[in-house]
Amino acid sequence: MKLVKRISLFMTLSVIMLGLGGWGALKAEEFFYPHRYRHGIEQDGTEKADGFQDSISRITNAVSQAAPLLQGGQTGQAQTDQVIDTPVEDQVIEAAAAQEPVVTADTRYLLEMVDLTKGTVTESEETIPVMYIGLNREELLQALSAYEDNPPLTELELGFETIELTAFSKDRVAVCKYYKEKVPQGFYLMVADHFIVVYEEDRSTLYMNTDILLERLPDILQREIMAGKFVASEEELYLFLESYSS
């Protein structure tokens with residue numbers, strides 16, 4: 001046991017002596033060579049300072065180079081947002097236009113015919129005219145206006161006056177036509193291919209063809225009819241036709 005204690009004490013003293021010897025050697029070298037470590041420390045500090053300045057310079061350059069890119073990225077983002085917004089607005093407009101009702105082949109077409117002379121109304125459901133298919137309300141109004149300005153001859157013969165749109169949806173379209181029977185104020189007896197023909201008061205609208213030959217009439221009456229004989233009423237006209245018809 002005593003031997004162990006002695007060994008431990010010897011080792012401890014040896015370590016202490018070794019440490020003191022090393023410390024003394026460093027102090028002695030620093031005393032005799034004072035500028036050796038100072039130059040190393042200053043050089044090391046300078047290198048560290050230079051390295052720090054280089055790092056600062058690199059960071060500054062990196063920030064300067066990144067700034068335009070960031071601005072460009074923001075501009076690009078703004079342009080991208082604008083490009084994205086534009087199609088969305090167009091899609092909204094197109095969607096709104098697509099929701100506007102138009103006439104289709106399945107649209108019900110209701111027609112009212114009003115006789116202004118007799119005061120009667122006739123209603124019927126007909127096949128939608130092909131020229132109206134695909135039209136919206138405004139376009140259909142324009143088409144009806146054009147029809148009113150240039151009605152077919154058959155409509156004029158019926159006394160067509162005007163037309164109007166009374167209802168419009170994708171499922172049903174209602175149109176009203178107004179007629180007024182034309183009551184002639186007088187007639188003209190004229191000649192066509194040796195036969196007597198009857199014209200209305202305007203002398204251009206044919207009212208009736210007859211089978212009465214001009215040559216079978218008295219000479220005086222022939223000259224009157226060749227010049228255009230005026231008949232004041234339907235009653236007078238039918239009296240003439242009964243008198244000279246074969």
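Q: What does the accessible surface of the chain come to?
A: This is a predicted model. The accessible surface is about 18,500 Å². Carbon and sulfur atoms account for 58% of that surface.

Q: And what percentage of the residues count as buried?
A: 19% of the chain's 246 residues.

Q: How many helices and strands in the secondary structure?
A: Six helices and eight strands. Along the sequence the pattern reads α-α-β-β-α-α-β-β-β-β-β-α-β-α.

Q: What about contacts between residues at least 6 apart in sequence: what share join residues at least 24 apart?
A: 46% of them.

Q: On to charges. How many salt bridges?
A: The count is three.

Q: Which residue does arginine 108 pair with?
A: Glutamate 125, in a salt bridge at 3.2 Å, N to O. This pair links distant parts of the chain, 17 residues apart. Arginine 108 sits in strand S1 (residues 108-115), and glutamate 125 in strand S2 (residues 120-126).

Q: Are those two buried, exposed or in between, and why?
A: Both are partly exposed, because that class lies between 20% and 50% relative accessible area, and arginine 108 has 42% while glutamate 125 has 48%.

Q: Next pair. Where does lysine 177 come in?
A: The side chain of lysine 177 meets that of glutamate 155 in a salt bridge, 2.9 Å from N to O. Lysine 177 belongs to strand S4 (residues 172-179), and glutamate 155 to helix H4 (residues 153-157). They are 22 residues apart, so this pair too links distant parts of the chain.

Q: Lysine 177 and glutamate 155: buried or exposed?
A: Both are buried.

Q: And which residue does glutamate 224 bridge to?
A: Lysine 229. The closest N and O atoms are 3.3 Å apart, and that counts as a salt bridge because the cut-off is 4 Å. Glutamate 224 is partly exposed at 35% relative accessibility. Lysine 229 is partly exposed as well, at 23%.

Q: Switching topic. Where is leucine 241 found?
A: In helix H6, which covers residues 234-244.

Q: Why does leucine 241 count as buried?
A: Its relative accessible area is 9%, and buried means under 20%.

Q: What does leucine 241 touch, leaving out residues up to four places away in sequence?
A: Met208, Thr210 and Ile212.

Q: How far is leucine 241 from isoleucine 196 in space?
A: 9.7 Å, C-alpha to C-alpha. In sequence, leucine 241 and isoleucine 196 are 45 residues apart.

Terms used: Residues are numbered from 1 along each chain as its sequence is written. This is a predicted model: local features need pLDDT of at least 70, side-chain atom pairs count only at pLDDT 80 or more; totals for chains, interfaces and linings use all residues. Side-chain values use heavy atoms; hydrogens and water are left out. Helices (H or I, at least four residues) and strands (E, at least two) are DSSP runs, numbered from the N terminus. Buried means under 20% relative accessible area, exposed over 50%, partly exposed in between (1.4 Å probe, protein chains only). Contact means heavy atoms within 4.5 Å. Accessible areas come from the Shrake-Rupley method with a 1.4 Å probe; for residues, only the protein chains shown count as cover.
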